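Please look through the structure below with its strands, helices and aromatic rings in mind. The paragraphs that follow take these topics in turn.

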Amino acid sequence: MLTYSLEAHSEENLYEQLYDFIKRDILHGELPGKARLPSKREFARHLGVSTITVENAYAKLADEGYIFSQPKKGFFVSDITVDSCLRPVPGQTEDATYYIEENETPPREDFLDLSASYTLPSLFPFATWSRLVRRVPVVLDEQGMSLEGLRESGATIAHISPSHHFPTGRVMSISRRYELLGWAAKAEGRYIIEDDYDAEFRLKGRPLPTLRGIDSIGRVIYLNTFTKSLSPTIRISYMVLPESLMALFREKLGFYACTVPNINQYTLAAFMRDGHFENHISHLRRYYREQRDYALAELKKHDSLRDAEVMEADAGLYFLLRLPTDKADFQLKAAAGQEKLSLSFLSDYYTRREAAPEHVVIVNYASLPRDALARALAVLAGCI
(Lines give C-alpha, C1' and ligand atoms only; values in the text may rest on other atoms or scores of the structure.)
Protein backbone atom coordinates (compact mmCIF):
# COMPACT_ATOMS: atom_id res chain seq x y z
CA MET A 1 0.00 0.00 0.00
CA LEU A 2 1.30 3.46 -0.90
CA THR A 3 2.25 5.51 2.14
CA TYR A 4 2.61 9.30 2.17
CA SER A 5 3.00 11.79 4.99
CA LEU A 6 0.29 14.42 4.65
CA GLU A 7 0.39 17.59 6.75
CA ALA A 8 -3.00 18.64 8.07
CA HIS A 9 -1.86 22.18 8.91
CA SER A 10 -0.09 22.87 5.63
CA GLU A 11 -1.17 25.80 3.44
CA GLU A 12 -1.74 23.22 0.69
CA ASN A 13 -4.96 21.19 0.79
CA LEU A 14 -4.62 17.52 1.73
CA TYR A 15 -5.85 16.33 -1.67
CA GLU A 16 -3.31 18.59 -3.42
CA GLN A 17 -0.52 17.13 -1.27
CA LEU A 18 -1.64 13.62 -2.19
CA TYR A 19 -1.87 14.62 -5.86
CA ASP A 20 1.71 15.97 -5.73
CA PHE A 21 3.06 12.78 -4.11
CA ILE A 22 1.41 10.43 -6.61
CA LYS A 23 2.34 12.63 -9.58
CA ARG A 24 5.98 12.69 -8.41
CA ASP A 25 6.08 8.89 -8.10
CA ILE A 26 4.60 8.51 -11.59
CA LEU A 27 7.13 10.88 -13.15
CA HIS A 28 10.04 9.20 -11.35
CA GLY A 29 8.90 5.78 -12.52
CA GLU A 30 8.15 4.50 -9.04
CA LEU A 31 4.55 3.98 -10.14
CA PRO A 32 4.87 2.32 -13.56
CA GLY A 33 2.30 2.44 -16.35
CA LYS A 34 -0.80 0.25 -15.85
CA ALA A 35 -0.08 -0.07 -12.10
CA ARG A 36 -3.35 -0.28 -10.17
CA LEU A 37 -3.88 2.35 -7.48
CA PRO A 38 -5.55 1.52 -4.16
CA SER A 39 -9.30 1.92 -3.98
CA LYS A 40 -10.42 5.29 -2.67
CA ARG A 41 -11.92 3.82 0.49
CA GLU A 42 -8.91 1.61 1.36
CA PHE A 43 -6.43 4.38 0.56
CA ALA A 44 -8.30 6.91 2.69
CA ARG A 45 -8.38 4.49 5.64
CA HIS A 46 -4.66 3.75 5.25
CA LEU A 47 -3.68 7.44 5.13
CA GLY A 48 -6.10 8.50 7.85
CA VAL A 49 -7.94 11.00 5.64
CA SER A 50 -11.46 11.29 4.27
CA THR A 51 -12.54 9.45 1.14
CA ILE A 52 -13.28 12.79 -0.53
CA THR A 53 -9.60 13.74 -0.16
CA VAL A 54 -8.51 10.68 -2.15
CA GLU A 55 -11.38 11.16 -4.60
CA ASN A 56 -10.34 14.77 -5.34
CA ALA A 57 -6.68 13.79 -5.76
CA TYR A 58 -7.60 10.98 -8.16
CA ALA A 59 -9.94 13.28 -10.07
CA LYS A 60 -7.22 15.88 -10.61
CA LEU A 61 -4.69 13.23 -11.68
CA ALA A 62 -7.25 11.77 -14.10
CA ASP A 63 -8.13 15.21 -15.52
CA GLU A 64 -4.45 15.80 -16.29
CA GLY A 65 -3.93 12.34 -17.78
CA TYR A 66 -1.61 10.85 -15.15
CA ILE A 67 -4.11 8.09 -14.31
CA PHE A 68 -7.23 6.60 -15.88
CA SER A 69 -10.20 4.68 -14.59
CA GLN A 70 -11.82 1.45 -15.75
CA PRO A 71 -15.42 0.70 -14.76
CA LYS A 72 -15.64 -1.70 -11.78
CA LYS A 73 -11.85 -2.17 -11.82
CA GLY A 74 -10.49 1.05 -10.34
CA PHE A 75 -7.77 3.55 -11.20
CA PHE A 76 -4.57 2.77 -13.11
CA VAL A 77 -1.38 4.69 -13.92
CA SER A 78 -1.10 5.97 -17.50
CA ASP A 79 1.87 5.03 -19.67
CA ILE A 80 4.05 8.15 -19.49
CA THR A 81 7.59 8.14 -20.88
CA VAL A 82 9.75 10.83 -19.29
CA ASP A 83 13.40 11.19 -20.32
CA SER A 84 15.76 11.23 -17.35
CA CYS A 85 16.86 14.77 -18.22
CA LEU A 86 13.25 15.91 -17.86
CA ARG A 87 12.56 14.41 -14.46
CA PRO A 88 11.86 17.17 -11.95
CA VAL A 89 14.57 17.86 -9.42
CA PRO A 90 13.15 18.49 -5.92
CA GLY A 91 13.19 22.17 -5.11
CA GLN A 92 14.44 23.15 -8.58
CA THR A 93 13.15 26.48 -9.82
CA GLU A 94 14.36 29.06 -12.28
CA ASP A 95 16.09 32.07 -10.78
CA ALA A 96 13.81 34.54 -12.47
CA THR A 97 10.74 34.86 -14.66
CA TYR A 98 10.59 37.50 -17.35
CA TYR A 99 7.54 39.07 -18.93
CA ILE A 100 7.40 41.03 -22.17
CA GLU A 101 4.08 42.70 -22.79
CA GLU A 102 2.83 43.96 -26.11
CA ASN A 103 -0.14 45.83 -27.45
CA GLU A 104 -1.86 45.22 -30.75
CA THR A 105 -3.77 48.18 -32.19
CA PRO A 106 -6.44 47.10 -34.69
CA PRO A 107 -6.46 49.09 -37.92
CA ARG A 108 -9.15 51.73 -38.26
CA GLU A 109 -11.92 51.07 -40.72
CA ASP A 110 -12.70 54.63 -41.84
CA PHE A 111 -14.43 54.84 -45.22
CA LEU A 112 -11.84 57.34 -46.45
CA ASP A 113 -8.46 57.47 -44.70
CA LEU A 114 -5.59 59.67 -45.85
CA SER A 115 -3.94 59.58 -42.42
CA ALA A 116 -2.29 56.18 -42.58
CA SER A 117 -0.42 54.03 -45.05
CA TYR A 118 -1.66 50.48 -45.62
CA THR A 119 -0.85 47.98 -48.33
CA LEU A 120 -3.64 46.43 -50.39
CA PRO A 121 -4.45 42.89 -49.19
CA SER A 122 -5.64 42.04 -52.70
CA LEU A 123 -2.06 42.31 -53.98
CA PHE A 124 -0.77 39.55 -51.68
CA PRO A 125 -0.17 36.16 -53.40
CA PHE A 126 -2.55 34.19 -51.19
CA ALA A 127 -2.59 31.19 -53.54
CA THR A 128 1.19 30.81 -53.23
CA TRP A 129 1.03 31.34 -49.48
CA SER A 130 -1.69 28.69 -49.08
CA ARG A 131 0.31 26.21 -51.15
CA LEU A 132 3.37 26.75 -48.93
CA VAL A 133 1.31 26.48 -45.74
CA ARG A 134 0.39 22.95 -46.72
CA ARG A 135 4.06 21.95 -46.40
CA VAL A 136 4.43 23.26 -42.86
CA PRO A 137 1.70 21.86 -40.56
CA VAL A 138 2.31 18.72 -38.55
CA VAL A 139 -0.66 16.37 -38.31
CA LEU A 140 -2.57 15.90 -35.08
CA ASP A 141 -3.64 12.63 -33.53
CA GLU A 142 -5.95 11.98 -30.59
CA GLN A 143 -3.28 13.09 -28.07
CA GLY A 144 -2.23 16.29 -29.85
CA MET A 145 0.71 17.08 -32.15
CA SER A 146 2.08 13.93 -33.75
CA LEU A 147 5.64 13.21 -32.60
CA GLU A 148 6.30 11.15 -35.72
CA GLY A 149 5.16 14.01 -37.93
CA LEU A 150 7.21 16.51 -35.94
CA ARG A 151 10.38 14.43 -36.30
CA GLU A 152 9.82 13.93 -40.02
CA SER A 153 9.26 17.66 -40.55
CA GLY A 154 12.81 18.53 -39.47
CA ALA A 155 11.43 21.51 -37.56
CA THR A 156 13.31 22.95 -34.60
CA ILE A 157 10.38 24.99 -33.26
CA ALA A 158 6.99 23.49 -32.32
CA HIS A 159 4.12 25.95 -31.86
CA ILE A 160 1.33 24.32 -29.85
CA SER A 161 -1.79 25.07 -27.80
CA PRO A 162 -1.80 22.06 -25.47
CA SER A 163 -4.59 23.23 -23.17
CA HIS A 164 -7.11 23.68 -25.98
CA HIS A 165 -6.20 23.28 -29.61
CA PHE A 166 -8.16 25.35 -32.11
CA PRO A 167 -10.27 24.34 -33.94
CA THR A 168 -10.34 20.66 -32.89
CA GLY A 169 -10.79 21.51 -29.20
CA ARG A 170 -8.40 18.71 -28.21
CA VAL A 171 -6.49 18.81 -24.94
CA MET A 172 -2.97 17.39 -25.21
CA SER A 173 -2.40 14.38 -22.99
CA ILE A 174 0.21 14.55 -20.25
CA SER A 175 2.20 11.74 -21.87
CA ARG A 176 2.38 13.66 -25.18
CA ARG A 177 3.52 16.77 -23.30
CA TYR A 178 6.49 14.89 -21.84
CA GLU A 179 7.21 13.34 -25.24
CA LEU A 180 7.38 16.84 -26.74
CA LEU A 181 9.75 17.96 -24.01
CA GLY A 182 11.85 14.90 -24.76
CA TRP A 183 11.93 15.88 -28.45
CA ALA A 184 13.13 19.38 -27.51
CA ALA A 185 15.82 18.00 -25.21
CA LYS A 186 17.39 15.77 -27.85
CA ALA A 187 18.97 18.56 -29.94
CA GLU A 188 20.34 22.04 -29.38
CA GLY A 189 18.19 24.88 -30.66
CA ARG A 190 14.88 23.07 -30.31
CA TYR A 191 12.14 25.03 -28.55
CA ILE A 192 8.43 24.72 -27.91
CA ILE A 193 6.19 27.78 -28.14
CA GLU A 194 3.25 27.20 -25.82
CA ASP A 195 0.33 29.39 -26.88
CA ASP A 196 -2.05 29.24 -23.93
CA TYR A 197 -4.54 31.80 -25.20
CA ASP A 198 -7.76 30.46 -23.59
CA ALA A 199 -6.51 27.94 -21.03
CA GLU A 200 -8.40 29.73 -18.25
CA PHE A 201 -11.70 28.52 -19.66
CA ARG A 202 -11.66 24.90 -18.59
CA LEU A 203 -15.25 24.21 -17.60
CA LYS A 204 -14.74 20.83 -15.96
CA GLY A 205 -12.16 20.19 -13.25
CA ARG A 206 -9.19 22.38 -12.47
CA PRO A 207 -7.10 24.13 -15.16
CA LEU A 208 -4.34 21.87 -16.45
CA PRO A 209 -0.73 22.72 -15.57
CA THR A 210 1.14 24.47 -18.35
CA LEU A 211 3.81 22.75 -20.38
CA ARG A 212 6.23 25.36 -19.10
CA GLY A 213 5.30 24.35 -15.55
CA ILE A 214 6.74 20.87 -16.12
CA ASP A 215 9.70 22.03 -18.23
CA SER A 216 12.90 21.39 -16.25
CA ILE A 217 15.35 22.11 -19.09
CA GLY A 218 14.28 25.60 -20.23
CA ARG A 219 12.94 24.76 -23.70
CA VAL A 220 9.42 26.23 -23.47
CA ILE A 221 8.53 29.78 -24.52
CA TYR A 222 5.17 30.62 -22.96
CA LEU A 223 2.67 33.02 -24.58
CA ASN A 224 -0.69 34.24 -23.34
CA THR A 225 -3.05 37.17 -23.68
CA PHE A 226 -5.66 38.95 -21.58
CA THR A 227 -7.88 39.60 -24.61
CA LYS A 228 -10.41 36.90 -23.74
CA SER A 229 -9.98 36.75 -19.99
CA LEU A 230 -10.46 40.51 -19.51
CA SER A 231 -11.74 42.35 -22.57
CA PRO A 232 -10.93 42.62 -26.28
CA THR A 233 -10.31 46.34 -25.69
CA ILE A 234 -7.46 45.55 -23.28
CA ARG A 235 -4.89 44.44 -25.84
CA ILE A 236 -2.19 43.13 -23.53
CA SER A 237 -0.22 39.96 -24.21
CA TYR A 238 2.87 38.58 -22.54
CA MET A 239 5.71 36.18 -23.07
CA VAL A 240 7.73 34.17 -20.54
CA LEU A 241 11.18 33.26 -21.83
CA PRO A 242 13.53 30.58 -20.52
CA GLU A 243 16.39 32.27 -18.71
CA SER A 244 18.84 30.87 -21.26
CA LEU A 245 17.24 33.01 -24.00
CA MET A 246 17.32 36.32 -22.12
CA ALA A 247 20.81 37.35 -23.23
CA LEU A 248 19.91 36.64 -26.86
CA PHE A 249 16.66 38.57 -26.47
CA ARG A 250 18.47 41.61 -25.09
CA GLU A 251 21.03 41.41 -27.89
CA LYS A 252 18.55 41.07 -30.75
CA LEU A 253 15.51 42.91 -29.41
CA GLY A 254 16.88 45.19 -26.73
CA PHE A 255 15.65 48.16 -28.73
CA TYR A 256 12.02 47.01 -28.34
CA ALA A 257 9.83 49.52 -26.53
CA CYS A 258 6.62 48.23 -25.00
CA THR A 259 3.64 50.04 -26.52
CA VAL A 260 1.22 49.20 -23.70
CA PRO A 261 0.62 52.41 -21.70
CA ASN A 262 2.14 52.28 -18.22
CA ILE A 263 -1.20 53.12 -16.61
CA ASN A 264 -2.73 49.97 -18.16
CA GLN A 265 0.13 47.82 -16.90
CA TYR A 266 -0.02 49.21 -13.35
CA THR A 267 -3.81 48.89 -13.28
CA LEU A 268 -3.63 45.27 -14.42
CA ALA A 269 -0.95 44.54 -11.82
CA ALA A 270 -3.18 45.97 -9.07
CA PHE A 271 -6.20 44.10 -10.46
CA MET A 272 -4.28 40.83 -10.13
CA ARG A 273 -2.53 41.64 -6.84
CA ASP A 274 -5.80 42.47 -5.07
CA GLY A 275 -7.48 39.22 -6.16
CA HIS A 276 -9.90 40.79 -8.65
CA PHE A 277 -8.52 38.85 -11.62
CA GLU A 278 -8.98 35.48 -9.92
CA ASN A 279 -12.53 36.40 -8.90
CA HIS A 280 -13.26 37.60 -12.42
CA ILE A 281 -12.04 34.32 -13.97
CA SER A 282 -14.20 32.33 -11.54
CA HIS A 283 -17.20 34.43 -12.54
CA LEU A 284 -16.45 33.90 -16.25
CA ARG A 285 -16.15 30.14 -15.81
CA ARG A 286 -19.54 29.99 -14.08
CA TYR A 287 -21.15 32.16 -16.77
CA TYR A 288 -19.71 30.24 -19.72
CA ARG A 289 -20.48 26.88 -18.11
CA GLU A 290 -24.13 27.97 -17.78
CA GLN A 291 -24.08 29.30 -21.35
CA ARG A 292 -22.72 25.99 -22.64
CA ASP A 293 -25.28 24.00 -20.65
CA TYR A 294 -28.04 26.22 -22.06
CA ALA A 295 -26.83 25.52 -25.61
CA LEU A 296 -26.70 21.77 -24.98
CA ALA A 297 -30.22 21.84 -23.54
CA GLU A 298 -31.49 23.75 -26.58
CA LEU A 299 -30.08 21.08 -28.89
CA LYS A 300 -32.33 18.47 -27.28
CA LYS A 301 -35.43 20.49 -28.14
CA HIS A 302 -35.02 19.77 -31.86
CA ASP A 303 -35.71 16.29 -33.25
CA SER A 304 -33.15 16.73 -36.04
CA LEU A 305 -30.39 17.51 -33.54
CA ARG A 306 -31.10 14.89 -30.88
CA ASP A 307 -28.69 12.42 -32.50
CA ALA A 308 -26.00 15.05 -33.05
CA GLU A 309 -22.69 14.23 -31.36
CA VAL A 310 -21.28 16.90 -29.03
CA MET A 311 -17.48 16.88 -28.82
CA GLU A 312 -14.83 18.75 -26.80
CA ALA A 313 -17.34 20.73 -24.72
CA ASP A 314 -15.34 20.95 -21.47
CA ALA A 315 -12.76 23.57 -22.45
CA GLY A 316 -12.68 26.79 -24.43
CA LEU A 317 -15.63 28.88 -25.52
CA TYR A 318 -17.03 26.62 -28.21
CA PHE A 319 -17.80 22.96 -28.83
CA LEU A 320 -17.91 20.76 -31.91
CA LEU A 321 -21.19 19.33 -33.13
CA ARG A 322 -21.26 16.40 -35.58
CA LEU A 323 -24.53 16.74 -37.46
CA PRO A 324 -26.63 13.68 -38.39
CA THR A 325 -26.99 14.55 -42.08
CA ASP A 326 -25.83 13.47 -45.54
CA LYS A 327 -25.69 17.03 -46.84
CA ALA A 328 -22.26 18.42 -47.71
CA ASP A 329 -20.85 21.24 -45.60
CA PHE A 330 -21.20 23.77 -48.44
CA GLN A 331 -24.88 22.86 -48.76
CA LEU A 332 -25.43 23.35 -45.04
CA LYS A 333 -23.66 26.71 -45.21
CA ALA A 334 -25.78 27.83 -48.13
CA ALA A 335 -29.01 26.80 -46.42
CA ALA A 336 -27.99 28.58 -43.21
CA GLY A 337 -26.92 31.67 -45.14
CA GLN A 338 -30.40 32.00 -46.62
CA GLU A 339 -31.67 32.25 -43.05
CA LYS A 340 -28.93 34.80 -42.17
CA LEU A 341 -26.98 32.31 -40.06
CA SER A 342 -23.22 32.11 -40.51
CA LEU A 343 -21.65 28.69 -39.89
CA SER A 344 -18.05 27.56 -39.55
CA PHE A 345 -17.14 23.90 -40.09
CA LEU A 346 -14.10 21.94 -38.99
CA SER A 347 -13.45 21.16 -42.66
CA ASP A 348 -12.84 24.89 -43.28
CA TYR A 349 -9.52 24.59 -41.43
CA TYR A 350 -8.11 21.59 -43.30
CA THR A 351 -5.50 22.13 -46.00
CA ARG A 352 -6.33 18.71 -47.46
CA ARG A 353 -10.08 18.71 -48.01
CA GLU A 354 -10.19 14.97 -48.64
CA ALA A 355 -8.95 14.37 -45.07
CA ALA A 356 -11.41 16.79 -43.50
CA PRO A 357 -14.26 15.41 -41.37
CA GLU A 358 -17.66 16.31 -42.78
CA HIS A 359 -20.69 17.73 -40.96
CA VAL A 360 -18.75 18.97 -37.89
CA VAL A 361 -19.85 22.50 -37.08
CA ILE A 362 -18.04 24.78 -34.61
CA VAL A 363 -20.59 26.19 -32.16
CA ASN A 364 -19.31 29.42 -30.63
CA TYR A 365 -21.79 29.97 -27.83
CA ALA A 366 -19.92 32.46 -25.65
CA SER A 367 -20.98 35.87 -26.93
CA LEU A 368 -24.53 35.33 -28.21
CA PRO A 369 -27.46 36.40 -26.00
CA ARG A 370 -29.52 33.35 -25.09
CA ASP A 371 -32.50 34.25 -27.25
CA ALA A 372 -30.19 34.68 -30.25
CA LEU A 373 -28.38 31.42 -29.41
CA ALA A 374 -31.72 29.59 -29.27
CA ARG A 375 -32.75 31.05 -32.65
CA ALA A 376 -29.38 30.11 -34.20
CA LEU A 377 -29.69 26.50 -33.09
CA ALA A 378 -33.28 26.37 -34.32
CA VAL A 379 -32.14 27.56 -37.76
CA LEU A 380 -29.32 24.99 -37.73
CA ALA A 381 -31.83 22.26 -36.91
CA GLY A 382 -33.93 23.29 -39.88
CA CYS A 383 -30.97 23.14 -42.26
CA ILE A 384 -30.21 19.46 -41.82
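Two strands pair if DSSP finds at least two bridges between them, and helices (H or I, at least four residues) and strands (E, at least two) are DSSP runs, numbered from the N terminus. The model is predicted, so local features need pLDDT of at least 70 and side-chain atom pairs count only at pLDDT 80 or more, while totals for chains, interfaces and linings use all residues. Residues are numbered from 1 along each chain as its sequence is written, and side-chain values use heavy atoms, with hydrogens and water left out.

Strand β11 (residues 318–322) runs antiparallel to β12 and is joined to it by five bridges, with R322 standing opposite V360 in β12. Four of the five residues of β12 (residues 360–364) are buried, so this strand is largely enclosed by the rest of the structure; buried means under 20% relative accessible area, exposed over 50%, and partly exposed in between (1.4 Å probe, protein chains only).

Among the aromatic rings, Y4, F21, F43, Y58 and F75 form one cluster, where rings of Phe, Tyr and Trp (its six-membered ring) pair if their centres lie within 6.5 Å, and planes under 30 degrees apart count as stacked, over 60 as edge-to-face and the rest as tilted. The structure holds 13 aromatic pairs, and one of them, F43 with Y58, is tilted, at 6.3 Å centre to centre and 35° between the planes. Because F43 lies in helix α2 (residues 40–47) and Y58 in helix α3 (residues 51–63), this pair ties together parts that are 15 residues apart in sequence. F43 is buried, with a relative accessible area of 0%.
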